[in-house]
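Keep the viewer open and follow along.

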Amino acid sequence: LDEQELNAMLDDVASATKAMSASKVGALMVFERATGLVERIETGVPIDGVVSSGLIQNIFVKDTPLHDGAVIIRGNRIVAACCLLPLTENRNLSQELGTRHRAAIGLSENSDALTIVVSEETGGISITSKGEFLHDLSKEEFEAILREQLITEQKTEEPWYHKIWRRG
C-alpha cells in the first residue's frame, strides 16, 4: 500500500473500532504481516472486500452469520471473516478475558500478526503483537499503537509496549 491508502485504511479501522467500543460490539481483527495466515483464512468465509468502517461494523453485528471469529486483513482488504484462531494455552490470564482475547493472544504467540480486540462485555480495546498483550487501551493509545505498528517499521531500543506502560 502507498502511504495514502494505508492511512485511509487505518482511519477506517480506527473509526470502526471506536464505534464498536462505544456500543460494546465484540470484534476481533487480525492484520497479516510477514507470517502468512493462509491456514487461518481457509477456516473462514472469503470476503475480499476493501476495508471500510461500515463493512467492519456490519460484519460484527451480533447474531449475524459472520460476527463470530476473526476478520483477517491483508493490505487494505478484508480477506476473510469468521476465521478460527488458536487459543493461548497460558493459564495465568485473568478470568475476565474471553475467547476473543484468548484467540488474539494465541495467534500473537504463533505469528507476527497484530490483532485488535473489542470486548463485548466492557467495550474495552486490546491489542496483541509479538506475544504481548495490552488490555483496556484508551482510544488515543489504541490508535497511536495501531499506527506505530502498521506504519513505522523502525527498530527501537525497547519493546513497543513499554511506552504505554511508562504512562500508567
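Strand S2 and strand S4 (residues 77–83) run antiparallel and are joined by four bridges. Within that pairing, Val50 has Arg77 of S4 as its bridge partner. Please keep in mind throughout that this is a predicted model.

Arg77 also uses its side chain here: a salt bridge connects Arg77 to Asp48, with 2.8 Å between the closest N and O atoms. This pair spans 29 residues of the chain, from Asp48 in strand S2 to Arg77 in strand S4. Is Arg77 buried, exposed or partly exposed? Its relative accessible area is 31%, so Arg77 is partly exposed.

**The sheet as a whole**

S2 and S4 belong to an open sheet of seven strands with mixed pairing, in the order S2-S4-S3-S1-S5-S6-S7. At the edges sit S2 (45–50) and S7, each of which pairs on one side only. On average, neighbouring strands in this sheet are turned by 20° against each other, direction ignored.

Helix H5 (residues 139–151) touches S1, S5, S6 and S7, and its direction makes about 25° with that of S6. Helix H1 is the other, touching S1 (27–31), S3 (70–74), S5 and S6, with its direction at about 160° to that of S1.

S6 (residues 125–129) is mostly covered, with five of its five residues buried. On one side these are Ile125, Ile127 and Ser129, and on the other Ser126 and Thr128.

On the S5 side, five bridges join S6 to S5 (residues 114–118), and the two strands run antiparallel. Thr115 has Thr128 of S6 as its bridge partner. The hairpin of S5 and S6 has six residues between the strands, and Gly123 in this hairpin takes a positive phi near 80°.

On the S7 side, S6 pairs with S7 (residues 132–137) over four bridges, also in the antiparallel sense. Here Ile127 has Leu134 of S7 as its bridge partner. Two residues lie between the strands of this hairpin, where Lys130 takes a positive phi near 55°.

**Inside the fold**

In soluble globular proteins, nonpolar side chains tend to be buried together. In this model the largest nonpolar core has 29 residues, and Val13, Phe31, Ile56, Ile116 and Leu146 have the most contacts inside it. Helix H1 (residues 3–22) supplies the largest share of this core, seven residues. Apart from this core lies another of 15 residues, including Leu28, Val30, Leu107 and Val117.

Which residues does Phe31 touch, not counting those up to four places away in sequence? They are Met9, Val13, Ile73, Ala113, Leu114, Ile116, Leu146 and Leu150.

**Charged pairs**

Seven salt bridges are present in the structure. Three of them are gathered here.

| Salt bridge | Closest N to O distance |
|---|---|
| Arg77 and Asp48 | 2.8 Å |
| Glu120 and Arg100 | 3.2 Å |

Glu120 lies in the loop between S5 and S6, while Lys62 lies 58 residues apart from it, in the loop between helix H3 (53–59) and S3. With a relative accessibility of 28%, Glu120 counts as partly exposed. Arg100 is in helix H4 (residues 99–110), 20 residues apart from Glu120. Arg100 has a relative accessibility of 17%, so it counts as buried.

**Two loop residues to look at**

Most residues other than glycine have a negative phi. Lys24 is not a glycine, yet it has a positive phi of about 55°. You can find Lys24 in the loop between H1 and S1, and its relative accessible area of 43% makes it partly exposed.

Asp63 is also not a glycine and has a positive phi of about 65°. Its place is the loop between H3 and S3. Is Asp63 buried or exposed? At 63% relative accessibility, Asp63 counts as exposed, because the cut-off for exposed is over 50%.

Technical notes. Residues are numbered from 1 along each chain as its sequence is written. This is a predicted model: local features need pLDDT of at least 70, side-chain atom pairs count only at pLDDT 80 or more; totals for chains, interfaces and linings use all residues. Side-chain values use heavy atoms; hydrogens and water are left out. Buried means under 20% relative accessible area, exposed over 50%, partly exposed in between (1.4 Å probe, protein chains only). Two strands pair if DSSP finds at least two bridges between them. A nonpolar core is a set of buried Ala, Val, Leu, Ile, Met, Phe, Trp, Tyr and Cys residues joined through side-chain atoms within 4.5 Å. Contact means heavy atoms within 4.5 Å. Axes are lines fitted to C-alpha atoms, for helices over the stretch in contact, and angles run from 0 to 180 degrees between N-to-C directions. A salt bridge is a side-chain nitrogen of Lys or Arg within 4 Å of a carboxyl oxygen of Asp or Glu.
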